[in-house]
Amino acid sequence: MGFAFDLLLALALLWSAWRTLATPDIFRAVILFIVFGLLLTLVWSRLAAPDIALAEAAIGAGLTGALLLDAIGVLRGRKKS
Amino acid sequence: MKRFAVALLAALFAVALIAALLELPAPAVDLPAAVGAKMAESGIAHPVTAVLLNFRGYDTLLEIGVLLLALIVVLAVAAREEAKQPAVADPVLQTLARIAAPLMLLAAVYLLWAGAFRPGGAFQAGAVLAAAAVLLHLAGLAAAWQKPGKCLRIGLAAGFLVFLAVAAGLLVEGALLQYPPAWAGALILLIEATLTVSLGLILAGLFLFLS
């Protein structure tokens with residue numbers, strides 16, 4: 001059971017990383033990056049590293065995702081004006 | 001053809017990486033055992049926090065210095081005159097933000113306190129504080145930050161300055177950041193508490209000074 005979950009997690013991590021890089025739509029890429037960060041959080045906690053998992057969830061997925069979304073907003077605003 | 005060559009090279013690189021990983025020599029120093037032997041003198045019960053703030057406190061001091069420097073650069077680059085109105089968000093997001101922000105504050109204080117004996121600590125707590133500020137801004141409840149006033153400046157620099165003051169004060173004892181065991185717990189708690197506030201402000205500032 002544990003092994004199957006780990007395998008699924010590893011595949012999902014690789015898949016989301018690939019989709020993040022390959023998606024042409026920049027907004028979707030940022031959302032996928034956040035998904036990637038949350039999956040990475042699960043991986044760290046499966047590897048018994050809860051400290052890194054906490055940091056990844058808060059900084060990697062949360063703050064960086066928000067910053068990237070804000071950057072998209074600024075870029076779109078510039079394109080319109 | 002080109003794609004095939006790239007895929008082949010990537011596969012070869014992956015195989016080389018895995019081979020290198022399997023060939024890793026055993027570490028020369030058994031660090032977990034060395035940390036475990038000194039835990040009683042560190043003043044805290046969680047090994048990760050003990051390494052971050054006691055055994056390798058020097059690294060953490062420089063880390064917070066780097067973050068402060070990054071924020072100063074952002075302030076130098078993002079000089080702005082006109083005040084931007086916060087965007088009007090929908091009421092569902094606003095209500096959610098109003099409910100979530102106090103809970104996030106509570107979670108940050110818990111993470112700070114938990115750092116002494118289980119996973120947690122100043123960096124995670126500061127990140128949660130910053131996330132709360134960003135959420136309030138995105139929901140249109142808090143305006144973006146303009147030029148920092150005196151209070152904000154003190155808050156941004158406090159973590160680094162307190163850490164530096166403790167390090168300088170301990171020079172009298174002989175070495176940089178070598179806490180006396182009796183005082184270690186209290187000093188680390190003082191540093192972590194100010195670090196949490198400063199880190200929260202710095203990380204939120206990276207977002208709010210720019211948006």
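**Close-up 1. Thr41(A), a buried residue in a helix of chain A.** At 15% relative accessibility, Thr41(A) counts as buried in this predicted model, because the cut-off for that label is under 20% relative accessible area. Helix α2 of chain A, residues 26–46, is the element that holds Thr41(A). A polar atom of the Thr41(A) side chain sits 2.9 Å from the backbone oxygen of Gly37(A). Which residues does Thr41(A) touch once those up to four places away in sequence are not counted? They are Ala53(A), Glu56(A) and Ala57(A).

Close-up 2. Move along to helix α3 of chain A, residues 50–80, and you will find Asp51(A). Is Asp51(A) buried or exposed? Its relative accessible area is 11%, so Asp51(A) is buried. Setting aside neighbours within four places in sequence, the contacts of Asp51(A) are His46(B), Val48(B), Pro119(B), Gly120(B) and Gln124(B).

**Close-up 3. The interface of chain A and chain B.** Here we step back to take in the contact as a whole. Chain A brings ten residues to it and chain B brings 14 residues. The size of an interface is often given as the accessible area lost when the parts come together. For chain A and chain B, the buried area is about 1,000 Å², with 78% of that coming from carbon and sulfur atoms. Which three residues supply more of the area that chain A buries against chain B than any other three? Asp51(A), Leu54(A) and Leu63(A) do, with 49% of that area. On the side of chain A that touches chain B, eight residues are nonpolar, two are charged and none is polar. How many salt bridges are counted between chain A and chain B? The count is zero. Polar contacts do cross the interface: two residue pairs are found, both at pLDDT 80 or more.

**Close-up 4. The salt bridge of Asp6(A) and Arg46(A).** Over all chains the count comes to two salt bridges, and this view shows the one between Asp6(A) and Arg46(A), whose closest N and O atoms are 2.7 Å apart. The pair links distant parts of the chain, with Asp6(A) in helix α1 (residues 2–22) of chain A and Arg46(A) in helix α2 of chain A, 40 residues apart. Asp6(A) has a relative accessibility of 31% and so counts as partly exposed. Arg46(A) is also labelled partly exposed, because its relative accessibility is 44%.

**Close-up 5. The salt bridge of Arg56(B) and Asp59(B).** Now for a look inside chain B, where the side chains of Arg56(B) and Asp59(B) meet in a salt bridge with an N to O distance of 3.2 Å. Arg56(B), at 46% relative accessibility, counts as partly exposed. Asp59(B) counts as partly exposed too, at 32%.

Close-up 6. A pair of aromatic rings is described by the distance of the centres and the angle of the planes. How many aromatic pairs are counted over all chains? The count comes to one. Trp145(B) and Phe209(B) form an edge-to-face pair, 5.4 Å centre to centre and with 70° between the planes; the label applies because the angle is over 60 degrees. This pair joins distant parts of the chain, 64 residues apart: Trp145(B) is in the loop between α6 (122–138) and α7 (150–170) of chain B, and Phe209(B) is in the segment after α8 (181–208) of chain B. Phe209(B) has a relative accessible area of 3% and is therefore buried.

How values were computed
Residues numbered from 1 in each chain as written. Chains lettered and ligands numbered in written order. Heavy atoms only, no water. Contact = heavy atoms within 4.5 Å. Buried area = accessible area lost by both parts, 1.4 Å probe. Salt bridge = Lys/Arg side-chain N within 4 Å of Asp/Glu carboxyl O. Polar contact = N/O pair within 3.5 Å; in protein donor to acceptor, adjacent residues only side chain to side chain. Nonpolar A, V, L, I, M, F, W, Y, C, P; charged D, E, K, R; others polar. Phe/Tyr/Trp six-rings, centres within 6.5 Å; stacked < 30°, edge-to-face > 60°. Helix = DSSP H or I, 4+ residues; strand = E, 2+ residues; numbered from the N terminus. Buried < 20%, exposed > 50% of the residue type's maximum accessible area, 1.4 Å probe, protein only.
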